There are 2 protein chains.
Amino acid sequence: MFELDLRSRKPIYEQLVDKMKELIMNEVLKPDEQLPSVRQLAQQLTINPNTIQKAYRELELQGFIYSLKGKGSFVNPMDAGKDAEKIMQVKLELEKLLLEALYLGIPAEELHGLIRELDASKGGGE
Amino acid sequence: MFELDLRSRKPIYEQLVDKMKELIMNEVLKPDEQLPSVRQLAQQLTINPNTIQKAYRELELQGFIYSLKGKGSFVNPMDAGKDAEKIMQVKLELEKLLLEALYLGIPAEELHGLIRELDASKGGGE
DNA sequence: TAAGTGTACTATTATTGTTAATACAGTTAA
DNA sequence: TTAACTGTATTAACAATAATAGTACACTTA
């Protein structure tokens, strides 16, 4: 389910966070679906449970999952856990990256097209 | 010219890279303009010259500046140093971030508007 | 009770960021 | 040529972070 690059300079837990976010946003992982447990996933990926826990904690902070002691960790429904602060942060990051894209010579129309694509495949699954 | 947050968890050299990129892309720093020297900027910011050098090396790697031994470091003209690899990388990052923005409920129209704004202020200065 | 879950803590190692000091090579002007 | 500036490289030391390891505790469920 997850492919990790142990040699990468990007920390393992960050790789995990990114992949999870991707799977959740693409609805591969459905709302309220249970995620593999900390120990189970650690064993499957042959890494330390603490690293998984760190990734889960970060995902919970970012509002993508919720964890219940004794039960497990679950995908947060889309409309939950969306604070204004997180939205502002994403907007700022996006502005920087869009400026860089334009600076690199990527046509504005290509960017508009990208948004249309992503927006179209958003609600409708694939 | 530069404000640093020494307490931030973001490395100093990364903060420098980001600010420099911003100044270059907004044409506050003009093409072929000479940047402050490694030692000079280090003294001004009261940080170590090695940290400046690390930032400059990264900026050169990313194609934003060029350095000449014995002469100094200079802003790379817009049409130089834009390899396809860098463009692909930015596109991938952008796709991730745009997906997250839409997932967070930011309207597609707001994103289109952001692009139009940035694109308009691109060539025309301010 | 037993086995699963998340969570917390301490300790250890490896990697990275930062500083420090020094040195070398190229440029430029006196 | 000399002096003072440039970028660049290297080594050492320290702090912070990433990751592993081991253990423990609290909660849930069958």
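Q: How many residue pairs are in polar contact between chain B and chain A?
A: Let's start with a reminder that this is a predicted model. A pair of N or O atoms has to lie within 3.5 Å to qualify as a polar contact. With both residues at pLDDT 80 or more, the count between chain B and chain A is nine residue pairs.

Q: Which helix gives the most to the side of chain B that touches chain A?
A: Helix H1 (12-25), helix H4 (84-103) and helix H5 (108-123) of chain B each supply at least two residues of that side. The one that gives the most, with 15 residues, is H4(B).

Q: What area do chain B and chain A bury between them?
A: Chain B brings 38 residues to the contact, and chain A brings 38 residues as well. Carbon and sulfur atoms carry 76% of the buried area. The total comes to about 4,100 Å².

Q: Which residue of chain B forms a salt bridge with Lys96(A)?
A: Across the interface of chain B and chain A there are eight salt bridges. In the one made by Lys96(A), the closest N and O atoms are 3.3 Å apart. The partner is Asp18(B).

Q: Which residue has a polar backbone atom 2.3 Å from a phosphate oxygen of DNA strand D?
A: Sugar and phosphate make up 62% of the atoms of DNA strand D that come within 4 Å of the protein. One phosphate oxygen is 3.0 Å from a polar backbone atom of Val38(B). At 2.3 Å, the residue asked for is Ile12(A).

Conventions: Residues numbered from 1 in each chain as written. Chains lettered and ligands numbered in written order. Predicted model: local features only at pLDDT ≥ 70, side-chain atom pairs only at ≥ 80, totals over all residues. Heavy atoms only, no water. Near = heavy atom within 4 Å. Polar contact = N/O pair within 3.5 Å; in protein donor to acceptor, adjacent residues only side chain to side chain. Contact = heavy atoms within 4.5 Å. Buried area = accessible area lost by both parts, 1.4 Å probe. Salt bridge = Lys/Arg side-chain N within 4 Å of Asp/Glu carboxyl O. Helix = DSSP H or I, 4+ residues; strand = E, 2+ residues; numbered from the N terminus.
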